[in-house]
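Let's take a walk through a protein model together.

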Amino acid sequence: MSKALLIGALLVGTAVAAAPKAAHPDFSGTWERYPPPGEKADPRYAPTPIPDPPLKAQYRADREKQQKLLAERIEEGQPAGDNYVHCIPDGMPAMMMGMFPMEVFQRAGQINITQEAFSQTRRIYMNQKLPKWDEVDPSFYGASVGHWEGQTLVIETTGIKANVRFRWTPHSEAMKIIERIHLLAPDILQDQITVEDDYLEKPWTYSYSFRRMKDYKLQEYVCEDNREYVDEAGKVHLKIDK
Amino acid sequence: MKIERGLRLVFLSGAIALPVVPAGAHHSFAMFDNTRSITLHGNVTAFQWTNPHAYLELDADQGGGATKHYTLELTSPNMMSRLGWSSRTAKPGDMVTVIVAPLKDGQPGGLLLVLTLPSGKKMLPGVPNAERYKITS
């Protein structure tokens, strides 16, 4: 009899000891950029303004010249052509600005994030080692690995093509993007982005906020017919059906 | 992305968003005159539901039975569907009224600001910073 009690006690003890730890949060679902246009953000959840990239002097001058040219072009109603005119998507980190809704598919070993605009999907592989930048072929979305720190998803990305830029910011192929994603509230997600690169004097940090959408199904986006074209002088025109 | 044409073009990644960035930064919308509008009434010849922009083709009445063809640019169908549009909101043969920010270069086209359907219902396509487009017609 006492043996049975002992075994019983052990089993109960084991069951208690084996009680699962708090599960990682599940970010699965669709998210819209917060605040949406026309809505004032709750200050607790507002994104940070994005500062100018803290570029080193030799890169700053070039960017400022480009910004000046851009401003002049906009003044005359003729901005220089951009990637969208050519149906080229954002890449990383620009796709995280949340132009359109974003869908997160989360599994223990992999997390996919799809941005509806230009149907951009990035894949984050969990608990793997980040490859060295020169071990991967440069791409629009780079190579991403993730791990959990408590309730925060930490993602590291490298291997972004040099000509895939955010806010006209030049960068090396060794650029590394670190993201810390966590819930500020049950339906508010924050992505704190830090860009590290040799071209920068110090890390470039900003954050985006997203709000959970209920029952929204992501639409496709195929950049099928861009009637805008860029002429030799860099001016944008519209193709008119005669 | 550097496009190797005669002139180096500025890569505007991250600045050209619908609708969360300054209107001036959008690549195409600067082609349109935001200081005045024109109002057209006529027959829809096509309603193209494509990305990056939907297009409405219109034979606009010019009086005396004459018409002039206009190409009107809208926003992304993704955005428009969230504002109540569908690929069937307008169709060939519909008589509609449109308020348009005309092309600065004088070609018969523009940015559609307001569409009034045959039923009288008014539709807005979700132009970013729409309030910056002056309606004068």
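Helices (H or I, at least four residues) and strands (E, at least two) are DSSP runs, numbered from the N terminus. With that in hand, you can find A:Arg107, which sits in the loop between S2 and S3 of chain A. Some housekeeping: residues are numbered from 1 along each chain as its sequence is written, while chains are lettered from A and ligands numbered from 1 in the order in which they are written. What you see is a predicted model, where local features need pLDDT of at least 70 and side-chain atom pairs count only at pLDDT 80 or more, although totals for chains, interfaces and linings use all residues.

How far can you trust the picture? The predictor gives the complex an ipTM of 0.81 and a pTM of 0.84. There's also pLDDT, the predictor's confidence in each residue, from 0 to 100. Chain B has a mean pLDDT of 84, with 80% of its residues at 70 or more. Residues 1-25 of chain B, though, have a pLDDT below 50. Where pLDDT is low, the predicted coordinates should not be read in detail.

Two residues are in contact if their C-beta atoms, placed from the backbone, lie within 7 Å. Among the contacts in chain B with a separation of 6 or more, 53% link residues 24 or more positions apart.

Next, look inside. A residue is buried if 20 or more other C-beta atoms lie within 10 Å of its own, exposed if 12 or fewer, and partly exposed in between, with C-beta atoms placed from the backbone. By that rule, 46% of the 137 residues of chain B are buried. A nonpolar core is a set of buried Ala, Val, Leu, Ile, Met, Phe, Trp, Tyr and Cys residues joined through C-beta atoms within 7 Å. The largest one here has 36 residues, and B:Leu112 is one of those with the most contacts inside it. Strand S11 (236-238) of chain A supplies at least two residues of this core, as does helix H1 (77-82) of chain B. S4(B) gives the most, with 5 residues. Leaving aside neighbours within four places in sequence, B:Leu112 touches several residues, including B:Leu56, B:Leu72 and B:Pro125. A second, separate core of 32 residues includes A:Met96 and A:Phe118.

Let's stay with A:Phe118, in the loop between strand S3 (110-115) and strand S4 (120-126) of chain A. Is A:Phe118 buried or exposed? It's buried, because 21 other C-beta atoms lie within 10 Å. Its phi is near 65°, a positive value in a residue other than glycine. A:Asp215 isn't a glycine either, and has a positive phi of about 60°. Yet A:Asp215 is exposed, because it has 5 other C-beta atoms within 10 Å. Most residues other than glycine have a negative phi, and most peptide bonds are trans.

Speaking of peptide bonds, the one from A:Met92 to A:Pro93 is cis, with omega near 0°. Another cis bond joins B:Asn51 and B:Pro52, and B:Pro52 is in the loop between strand S1 (38-48) and strand S2 (55-63) of chain B.

Finally, back to A:Arg107, which counts as exposed because it has 10 C-beta neighbours inside 10 Å. A:Arg107 and A:Tyr229 are 122 residues apart in sequence and 41 Å apart in space, C-alpha to C-alpha.
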